[in-house]
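Biologist: I would like to learn how to read a model like this one, feature by feature. Please show me the general idea each time, then the case at hand.

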Amino acid sequence: MSQPVPPEADNETYARQRAAMVQEQLIRRGITDERVLKAMGTVPRHLFVPPRLRHLAYDDSPLPIGAGQTISQPFMVALMTQLLRPAPDDRVLEIGVGSGYQTAVLAELVREVIGLERIPELAEQARKKLEEMGYRNVTIHVADGSAGFPEAAPYDGILVAAAAPRIPEALLEQLAEGGRLVIPVGDAYDQMLERAWRQGGSIHIERLVPVRFVPLIGRFGFQENG
Ligand code: SAH
């Protein structure tokens, strides 16, 4: 049985909800990077969720986006973005574009975003949306991101929005000197958010906080039905 859908709110209402989200879900929980907070306060998250869930767009939770996938919780998007240390001149690879929301947040913060999504319908929807919204520094490819995207490497940052059983070697290889990789690592149910840095030819890995993401499915991720 489907629930009745509340009437569409106006942009002012969404702007107010977005400001409250930044204050209560992000600042209060320790997101401090001013540029990240500004991007989260700018990108219209309600345009990245299915129309019938728009009234929930600024809630403190992930939401379904179709094809069995989810748009991440706002706090998780902000945390991963802050951990990536995005600088204005950076080129960033995002793996698991999904709705395109995280892609838009990154596009506000860096010079160029290359996004990979394995499900063609999601990639197409996100591409169309980001283009309509005027993001000119984003390219989206349908590809298995577990192998990265060597064609455009190296990257100053790589953000993976799906959980891998271990850090794929290919992603470490595609990091520029000083580059950062943020990725959830674990089994299908419990993962830790990890950050890897390439510094002076060696890789440093930090294990940060417990998280729960949908699986990264592919050659260096999980099997489709396994
Ligand atoms: N950042 C997105 C998260 C979407 S969920 C958002 O907030 O909307 C994770 C996405 O990763 C899903 O869309 C899923 O299809 C995609 N995905 C899973 N395995 C992948 C792979 N190997 N390569 C590319 N995308 C993958």
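Modeller: Take R85 to begin with. Buried means under 20% relative accessible area and exposed means over 50%. R85 has a relative accessibility of 48%, so it counts as partly exposed. Keep in mind that this is a predicted model.

Biologist: Where is R85 found?

Modeller: R85 is in the loop between α3 and β3 (91-95). Its backbone deserves a look too: phi is positive, about 50°, although R85 is not a glycine.

Biologist: Which other residue has a positive phi although it is not a glycine?

Modeller: A67 is such a case, with phi of about 55°. A67 belongs to the loop between β1 (63-66) and β2 (69-71).

Biologist: What about the peptide bonds? Which kind, cis or trans, joins A153 to P154?

Modeller: For that, read omega. The bond from A153 to P154 has omega near 5° and is cis. P154 sits in the loop between β5 (138-142) and β6 (155-160).

Biologist: Now the whole chain. How many helices and strands does the protein chain have?

Modeller: There are six helices and nine strands in the protein chain. Its radius of gyration is 17 Å, close to the 17 Å that the globule rule gives for 226 residues, so the chain is as compact as a globular protein of that length. Along the principal axes, the C-alpha atoms fill a box of roughly 55 × 40 × 35 Å.

Biologist: What share of the residues in the protein chain is buried?

Modeller: Buried residues make up 51% of the 226. As for contacts with a separation of 6 or more, 55% of them are between residues 24 or more positions apart.

Biologist: How do I read a helix?

Modeller: An α-helix has 3.6 residues a turn, so residues three or four places apart point the same way. Then check the length and the covered positions. Helix α1 (residues 11-27) has 17 residues and spans 23 Å from its first C-alpha to its last, close to the 24 Å expected.

Biologist: Which residues of α1 are buried, and what do they pack against?

Modeller: The buried ones in α1 are Y14, R18, M21, V22, Q25 and L26. They pack against α2 (34-42), α3 (74-83) and α4 (101-109).

Biologist: Is α4 mostly covered or mostly open?

Modeller: Mostly covered: eight of the nine residues of α4 are buried. Among them are Y101, Q102 and T103.

Biologist: Is L216 buried or exposed?

Modeller: L216 has 6% relative accessibility, so it counts as buried. L216 is placed in the segment after β9 (202-211). Not counting residues up to four places away in sequence, it touches I95, S146, V160, A162, A163, A164, G221 and F222.

Biologist: How far is L216 from V22?

Modeller: Their C-alpha atoms are separated by 28 Å, and the two residues are 194 residues apart along the chain.

Note on methods: Residues are numbered from 1 along each chain as its sequence is written. This is a predicted model: local features need pLDDT of at least 70, side-chain atom pairs count only at pLDDT 80 or more; totals for chains, interfaces and linings use all residues. Side-chain values use heavy atoms; hydrogens and water are left out. Helices (H or I, at least four residues) and strands (E, at least two) are DSSP runs, numbered from the N terminus. The expected span of a helix is 1.5 Å times one less than its number of residues. Buried means under 20% relative accessible area, exposed over 50%, partly exposed in between (1.4 Å probe, protein chains only). Contact means heavy atoms within 4.5 Å. The radius of gyration is taken over C-alpha atoms; the globule rule is 2.2 Å times the number of residues to the power 0.38.
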